[in-house]
Amino acid sequence: MNQWQPSASIEFLRQRAAVIRQIREFFWQRDVLEVETPSLARFGVSDVHLENLNTQYKGPGHPDGLRLHLQTSPEYAMKRLLAAGSGSIFQICKAFRDDESGRYHNLEFSLLEWYRPGFTAHQLMAETSALVSQVLQVPTADIITYQQAFLAQLDIDPLTANVAELKALLCQHKLADLAALTEDKHTLLQWIFSQLIEPVIAQNQPCFIYQFPAEQASLAKLSPQDPRVAERFELYYQGIELANGFDELTCAKQQQARFEADNGRRRQLNKAEKPIDSYLLQALAAGLPQCSGIALGLDRLIMLATGAEHINQVLAFPLDRC
Amino acid sequence: MATVSTNEFRGGLKIMLDGEPCAIIENEFVKPGKGQAFNRVKIRKLISGKVLEKTFKSGESVEKAEIMDHELAYLYNDGEFWHFMNNETFEQIAADAKAVGDNEKWLVEQDTCIITLWDGNPIAVTPPNFVELEVTETDPGLKGDTAGTGGKPATLSTGAVVRVPLFVQIGEVIKVDTRSGEYVSRVK
């Protein structure tokens with residue numbers, strides 16, 4: 001039934017093209033080099049809550065087949081370019097994530113990702129804010145810490161609260177069934193954040209949340225002032241999680257330890273362990289310059305620019321039509 | 001026991017919750033950045049009719065409710081049960097007051113209704129969207145009123161009370177929308 005037709009209106013696709021053009025112009029003006037890295041790679045992602053889609057190459061060089069991973073983000077490959085001396089780089093590309101489909105998710109989506117050698121987290125937040133306020137014609141972003149956000153909205157300190165206190169908080173807000181689903185402190189924090197903080201912050205202007213707990217550091221370095229938190233930041237606007245950035249971890253040893261910790265958690269959760277990306281570790285060992293980087297969900301930015309209610313309204317052919 | 005994973009959730013799917021069959025009204029996939037995903041689901045309990053929100057960890061499996069809808073003709077009420085029949089197989093099913101609920105007042109003999117069965121037992125009866133019923137009681141209306149300015153209450157042959165235009169008289173048959181309980185038109 002009309003499944004051959006795009007789910008996005010041609011008008012929204014025009015606006016989509018205009019946003020992408022504006023982004024390219026923004027980085028051209030700032031002398032940031034546009035790069036392209038492969039969608040396919042030998043290594044996947046170890047992050048416990050991300051899953052690669054996989055495919056198989058068979059042909060010259062690999063008569064028995066080579067298992068390849070569709071990339072969940074171009075992060076590892078872009079860091080290899082940075083270590084090779086690229087300087088500031090940006091990329092607009094497709095990324096792929098298994099197991100994700102919904103109002104804000106399609107298994108194949110577009111990312112805008114960029115890296116700035118020499119930038120602190122605050123400098124990159126300022127640049128992201130400039131881009132987003134220009135594209136969406138909105139005021140520049142607020143910046144608050146993860147801890148401040150919890151204290152201000154819920155009067156609880158996420159760094160010291162225990163599992164029982166976090167569960168009690170969910171129950172108070174009629175989310176008892178969510179509280180019953182996990183014993184993991186950081187899963188509880190993430191759910192509290194998404195259900196009780198995200199919907200109320202960043203209504204009139206975008207808002208950065210920064211200094212996430214160290215356990216949610218991902219690929220960010222820990223704060224030199226307070227090792228309980230990491231130099232990770234996320235941008236929100238009108239209930240949408242728009243971007244995730246780090247003052248990047250540059251130490252190969254620590255990076256390896258985090259990959260191994262991811263695989264440890266995967267074992268606990270009966271998920272398949274992931275081979276560790278040795279290219280990335282070699283690049284870090286060769287010397288990744290201090291830099292900050294951020295990945296921004298381009299489809300979500302376009303949803304905000306057009307007022308779309310569902311990601312399918314800004315994609316020509318989402319999962320059910322591809 | 002058949003189960004379904006949250007990946008199969010969609011509007012209309014019937015699942016078991018707290019021992020009661022439920023229908024999914026809305027299903028939302030929520031995934032916090034770098035966190036564990038969950039599904040927030042709006043559900044209608046099919047027996048109590050209660051609507052509630054429930055969350056499931058994404059990928060979790062739940063028991064499927066064995067719910068079947070049958071189109072059956074209404075036959076009669078014996079004082080305790082309402083009897084329905086499949087017009088092709090002549091198989092009959094009796095629904096109790098709990099299953100029929102407020103829809104008793106819309107049951108017209110020979111009308112085709114939807115009988116919802118859970119594990120073979122009727123738990124709900126849905127009348128056709130439109131039924132035709134005779135007016136048994138209403139105040140005499142003013143002649144010449146055709147616009148139906150304010151209307152008046154009218155009792156129908158099944159005991160249902162609906163607001164009708166002033167020109168509708170006792171003995172006339174009217175068409176009613178059972179979903180809203182509103183008068184639609186007179187039937188000639």
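**Notes on a two-chain model**

1. Let's start with B:Thr6, where the backbone nitrogen of B:Gly59 lies 2.6 Å from a polar atom of the B:Thr6 side chain. For a polar contact, two N or O atoms must be within 3.5 Å; within protein, one must be able to donate a hydrogen and the other to accept it, and residues adjacent in sequence count only if both atoms are side-chain atoms. B:Thr6 sits in the loop between β1 (3–5) and β2 (14–17) of chain B; helices (H or I, at least four residues) and strands (E, at least two) are DSSP runs, numbered from the N terminus. B:Thr6 is buried, at 2% relative accessible area. Buried means under 20%, exposed over 50%, and partly exposed in between (1.4 Å probe, protein chains only). Among the residues that B:Thr6 touches, beyond those up to four places away in sequence, are B:Asn39, B:Phe56 and B:Glu60; contact means heavy atoms within 4.5 Å.

2. Before going on, a word about the source. This is a predicted model, in which local features need pLDDT of at least 70 and side-chain atom pairs count only at pLDDT 80 or more, while totals for chains, interfaces and linings use all residues. Residues are numbered from 1 along each chain as its sequence is written, chains are lettered from A in the order in which they are written, and side-chain values use heavy atoms, with hydrogens and water left out.

3. Now look at where the chains meet. The contact takes 23 residues from chain A and 18 residues from chain B. Together the chains bury about 1800 Å², 52% of it on carbon and sulfur atoms. On the chain A side, A:His49, A:Asp177 and A:Leu181 lose the most area to chain B, together 28% of what that side buries. Buried area here is the accessible area (1.4 Å probe) that two parts lose on being put together, summed over both.

4. Which residues of helix α2 (75–83) of chain A are buried? They are A:Glu75, A:Tyr76, A:Ala77, A:Met78, A:Lys79 and A:Leu82. Their cover includes β5 (89–96), β6 (108–117) and α8 (252–268) of chain A. Just after this helix, A:Gly85 takes a positive phi of about 95°.

5. Is A:Ala180 buried or exposed? A:Ala180 counts as exposed, because its relative accessibility is 61%. You will find A:Ala180 in the loop between α6 (176–179) and α7 of chain A. A:Ala180 and A:Leu170 are 10 residues apart in sequence, and their C-alpha atoms are 9.6 Å apart in space.

6. Leaving aside neighbours within four places in sequence, B:Val164 is in contact with B:Gly151, B:Lys152, B:Ala154, B:Ile174 and B:Tyr183.
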